[in-house]
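Biologist: Could we go through this model together? I would like to start with the aromatic residues.

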Amino acid sequence: MSQSPTALAPVTDETAQAADLVERFLVASMVPDPETAGTFMSADVAITFTGGRKFKHPRDATAFNAMRYKWVKKKMERTDVSPGNGETIVYNTGTLFGEWHDGTPFESNRYVDRFVVRDGKIVKMDVWNDSAERILVRMDIEA
């Protein structure tokens, strides 16, 4: 029995634009420039970070990250899009690198960001990463 290659949905202007929008948002977020990042999002965006933390604007997420990291950037490795009915789902995956507040550098901290894009704006963003696990290890806590 032979297997056929997996069929992929064709890239459309809508999916390509959604992927580009998300990548431009992420670049602005890494500056960090939360005001520019906010221009890529709808006014009623729902942002949820690891642990269920809810934010209404990128400036809130930037403030949260400032409590966790001295600085942090993303090494974007992959952007995947899934067209939907009136929306596009965009996943951006890769690793985080930066410094903890004590000046200790880190890298290879995995992340997954999931976005819902409608009418040219991000309406939902979900963020997951390994930072909490790494903080536990730094505190010599096994959980």
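Modeller: Phe 64 is buried, at a relative accessible area of 11%; buried means under 20% relative accessible area, exposed over 50% and partly exposed in between, with a 1.4 Å probe and protein chains only. This is a predicted model, in which local features need pLDDT of at least 70 and side-chain atom pairs count only at pLDDT 80 or more, while totals for chains, interfaces and linings use all residues. Residues are numbered from 1 along each chain as its sequence is written, and side-chain values use heavy atoms, with hydrogens and water left out.

Biologist: Which residue forms an aromatic pair with Phe 64, and how do the planes lie?

Modeller: Phe 64 pairs with Phe 55 in a tilted arrangement, 5.8 Å centre to centre with 45° between the planes. Rings of Phe, Tyr and Trp (its six-membered ring) pair if their centres lie within 6.5 Å; planes under 30 degrees apart count as stacked, over 60 as edge-to-face and the rest as tilted. Phe 55 counts as buried at 13% relative accessibility. Phe 49, Phe 55 and Phe 64 form one aromatic cluster.

Biologist: How many aromatic pairs are there in the whole structure?

Modeller: The search finds 8. One of them joins Trp 100 and Phe 106, tilted at 35° with 4.5 Å between centres. Trp 100 is buried at 6%, and Phe 106 is buried at 7%.

Biologist: Now the packing. Which residues have the most contacts inside the largest nonpolar core?

Modeller: They are Phe 25, Phe 115 and Ile 122, in a core of 21 residues. Such a core is a set of buried Ala, Val, Leu, Ile, Met, Phe, Trp, Tyr and Cys residues joined through side-chain atoms within 4.5 Å.

Biologist: What does Phe 25 touch?

Modeller: Leaving aside residues up to four places away in sequence, Phe 25 touches Ala 37, Phe 40, Met 41, Pro 58, Phe 115, Ile 122 and Met 125; contact means heavy atoms within 4.5 Å.

Biologist: Is there another core, or a separate one, and which residues does it include?

Modeller: A second, separate core has 6 residues, among them Tyr 69, Val 72, Leu 96 and Tyr 111.

Biologist: Where does the charged end of Lys 74 sit?

Modeller: The charged end of Lys 74 lies over the ring of Tyr 111, 4.4 Å from the ring centre. The criterion is NZ of Lys or CZ of Arg within 6 Å of the ring centre and within 35 degrees of the ring normal.
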